[in-house]
Amino acid sequence: MREHMIVVDLGYGDAGKGTVVDWLCAQGPVQAVVRFNGGAQAAHNVVLPDGRHHTFAQFGSGTLRGVPTHLSRFMVVDPLALASEATHLAGLGVPDPFGLLTVDRDALIATPYHAAAGRARELARGADRHGSCGMGIGATMAYALDHPGLGPTVGDCENPALLTRKLYALRETLGVAGPPVEDCVAAYRAFAERVILVDSSFTRALLRGHPVVFEGAQGVLLDEWHGFHPYTTWSTTTFANALALLDGVPAVRLGVLRTFTPRHGPGPLVTEDPELGGSEVHNTTGPWQGSFRAGHFDAVAHRYALAVAGGADALALTHLDAPVSRMCVSYDIGELPVGTAGDLDGQDRLTRRVLQARPRYADGVDDWPAAVADVLGVPVWLGSAGPTAADKARLSGAITLERV
């Protein structure tokens, strides 16, 4: 691999970003995996040929191959969850997980107080829950927006006095309980001493080495500005954050899709079909997020995602081994228009239209890479018929990196 790569899910998540990133890291020297959105709510599954499995949340999905992770300024970092993830990685044979980690000082921190506030808000919605993951990501972003300069950051972990003041103010403002502030400060200080904290210029230095893989979280259809509001995430899930970090340096924009369209929790899923099955081995019902759902491949929704994301250079198509042959090629309401970023009222109206949409299907699909390339207008470059890197292959006739 010679090009920088940006990996983004063009659905509602769960398409296989983790296993694609693992495969990319297996192709040759990779300088680092850079995370550029979301936080500890991510769940990117990687299975090695020897059977070892890890669900990556904040560490990059190349960690089992020794590839370093950089958490950029766009991440919401949860140091307590990072410690748990590092413990599991060490149990799988990663000698020093924290030694593979660098973190931007400007990244926000998700605390137990944010998590408590976010869960309380989700519970108050009753039957109208949005599908929060219960990790406090939304509450972290909301607090930082409402209180500029007062949201705790990774860099604050190097200044215990400042961090203590911010955490007391945060807990009081949110009106929640939780662990003593002093305990949090001690844990966050230990985190800051264990990992390497850097400033934003660090990304530019990374780009001067071997190729970098930018690993996105969630999916474009959950994007904070263009997703189906209010069933969205407080995160920009398109290529935008990665492109900002690249600052003009070329990279391949790789969209990831399944041969069917899944989502977790409530919200539109026009092609949902209970006959496609429920939970998977690594995708189950979450206590906060809700059930794992599956629908037929939804070309209308994925075309909308591509339009929102500004297009893609190539696709990775997973689950080629799934017994599916139906594709939604159109809705009875037509194509989905891309609105103005930030117009959440407009997105809410779009969501209500999508909830009423009826799919029109094409049956008998057997050449999925060709069919997907045809309906989306983007070549399928990588195919996957199983969970490991050995189950993946560059597809005949697809574009090569040299041509991208």
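**Stop 1: the cavity**

Start inside the fold. This predicted model holds one cavity of 30 Å³ or more. The largest cavity has a volume of about 50 Å³.

Select its lining: Asp 9, Gly 11, Tyr 12, Gly 13, Ala 15, Val 256, Leu 257, Arg 258, Phe 260, Thr 261, Pro 262 and His 302. Now color by element. Strand S11 (252-258) and strand S12 (260-264) are the elements that give two or more residues to this lining. Switch to coloring by class. Six lining residues are nonpolar, four are polar and two are charged.

**Stop 2: Asp 9 and its partner**

Keep Asp 9 selected; it is one of the lining residues. Are Asp 9 and Lys 17 buried or exposed? Both are buried. This pair belongs to a set of eleven salt bridges in the structure.

**Stop 3: a second salt bridge**

Select Arg 52 and Asp 50. Their side chains meet in a salt bridge, 3.0 Å from N to O. Arg 52 has a relative accessible area of 29%, so it is partly exposed. Asp 50 reaches 53% and therefore counts as exposed, the cut-off being over 50%.

**Stop 4: strand S15**

Select residues 327-331, which make up strand S15. Four of the five are buried, so the strand is largely enclosed by the rest of the structure.

Which strands pair with S15? Show strand S13 (residues 292-298) for one partner. S13 and S15 run parallel and are joined by two bridges. Asp 298 is the residue opposite Cys 328 in S15. Then show strand S16 (residues 359-362). S16 pairs with S15 in the antiparallel sense, over four bridges. Here, look for Ser 330, with Arg 360 of S16 opposite.

**Stop 5**

Finish with Arg 326 and Asp 363. They form a salt bridge whose closest N and O atoms are 2.7 Å apart. Arg 326 sits in the loop between strand S14 (314-318) and S15, and Asp 363 in the loop between S16 and helix H11 (368-376), so the pair ties together parts that are 37 residues apart in sequence.

Check the surface once more. Arg 326 has 29% relative accessibility, so it counts as partly exposed. Asp 363, at 52%, counts as exposed.

Notes. Residues numbered from 1 in each chain as written. Predicted model: local features only at pLDDT ≥ 70, side-chain atom pairs only at ≥ 80, totals over all residues. Heavy atoms only, no water. 1 Å grid on protein atoms, 1.4 Å probe; cavity = no way out; pocket = protein on both sides within 12 Å on 5 of 7 lines; lining within 4 Å. Points joined across faces, edges and corners; volume = space filled by probe spheres on them. Nonpolar A, V, L, I, M, F, W, Y, C, P; charged D, E, K, R; others polar. Buried < 20%, exposed > 50% of the residue type's maximum accessible area, 1.4 Å probe, protein only. Pairing = 2+ DSSP bridges. Salt bridge = Lys/Arg side-chain N within 4 Å of Asp/Glu carboxyl O.
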